[in-house]
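I opened a new model today and kept notes as I went. The entries follow the order in which I looked things up.

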Amino acid sequence: MFQIKRILFPVDFSPRVRGAVAYVEALAGRFDAEVILLHVIEPATYNSNLGEEPVIQPADFDKFFGADLKYLRVQRLIEHGEVARKIIDCAARLSVDLIMMPTQGLGTFRRLILGSSTTKVLHDAEQPVWTGVHLEDSPGLTPYSAAIFCAPWIYGRRAA
């Protein structure tokens, strides 16, 4: 039987993540899976003010999610580096079974010019990736899912 024991949920504290949390909670609750919250702080770029790196603490996860995820086993991680690479490395290092992350839904043109962390993770991760667009508008869910559908082919690779 298919089992999910660990879910990696990258968190950027955006409304999209806020909308996706109901889906993470539903899957984690269904499989009694551990949820690993990962926030990646990117290095300063030429467009940013040097020395003004955001300070994120593990308690910030609790403030952001409030009562969500309170019945689940949750691990909180903060990493520094390139977002997609850190997500992929963390998924491999922690032996996660699923990566769940929303996408910005910028459209093809902007995604090609700017790049997309979600696209990079979809392409390079060995684990299955659950993603969705416009999750900031998603309806709430009950914390139970009766069935899961998984596409058999993802970007030319057969799903595990």
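**Entry 1: the start of the fold.** I traced β1, helix α1 (residues 15–31) and β2, and they make a right-handed β-α-β unit. The model is a predicted one. I then checked how the two strands of the unit meet. Strand β1 (residues 6–10) pairs with β2 in the parallel sense, over five bridges. I looked up two partners in β2. Arg6 has Glu34 as its bridge partner there. Pro10 has Leu38.

**Entry 2: the whole sheet.** Next I asked myself in which order the strands of the open sheet stand. I read the order as β3-β2-β1-β4-β5, five strands with parallel pairing. β3 and β5 (129–130) stand at the edges, each with a single partner strand, so one side of each has no neighbour in the sheet. I also noted a helix on the sheet. Helix α2 (residues 58–65) packs there and touches β1, β2 and β3. Its direction makes about 120° with that of β3. I looked at the pairing of β3 as well. Strand β3 (residues 74–80) and β2 pair in the parallel sense over seven bridges. In that pairing, Val40 stands opposite Glu79 of β3.

Entry 3: How many of the eight residues of β2 are buried? I counted eight of eight for this strand, residues 34–41. I recalled that side chains in a regular strand alternate between the two faces of the sheet. I therefore listed each side of β2 by itself, taking buried as under 20% relative accessible area. One side has Glu34, Ile36, Leu38 and Val40, all buried. The other has Val35, Leu37, His39 and Ile41, also all buried. Both faces of β2 are covered.

**Entry 4: helix α5.** I turned to residues 117–124, which form α5. Which of its residues are buried? I found Thr118, Val121 and Leu122. Seen down the axis of α5, these buried residues fall within an arc of 100°, so they line one face of the helix.

**Entry 5: two positive phi values.** Most residues other than glycine have a negative phi. I noted two residues that go the other way. Asp32 is not a glycine, yet its phi is positive, about 50°. I placed Asp32 in the loop between α1 and β2. Is Asp32 buried or exposed? Asp32 is exposed, with a relative accessible area of 57%. Ser95, not a glycine either, has a positive phi of about 50°. I found Ser95 in the loop between α3 (83–93) and β4 (98–100).

Key: Residues are numbered from 1 along each chain as its sequence is written. This is a predicted model: local features need pLDDT of at least 70, side-chain atom pairs count only at pLDDT 80 or more; totals for chains, interfaces and linings use all residues. Side-chain values use heavy atoms; hydrogens and water are left out. Buried means under 20% relative accessible area, exposed over 50%, partly exposed in between (1.4 Å probe, protein chains only). Helices (H or I, at least four residues) and strands (E, at least two) are DSSP runs, numbered from the N terminus. The arc is that of the directions from the helix axis to the C-beta atoms. Two strands pair if DSSP finds at least two bridges between them. A crossover is right-handed if, with the strands pointing away from the viewer, the path from the first strand over the helix to the second runs clockwise. Contact means heavy atoms within 4.5 Å. Axes are lines fitted to C-alpha atoms, for helices over the stretch in contact, and angles run from 0 to 180 degrees between N-to-C directions.
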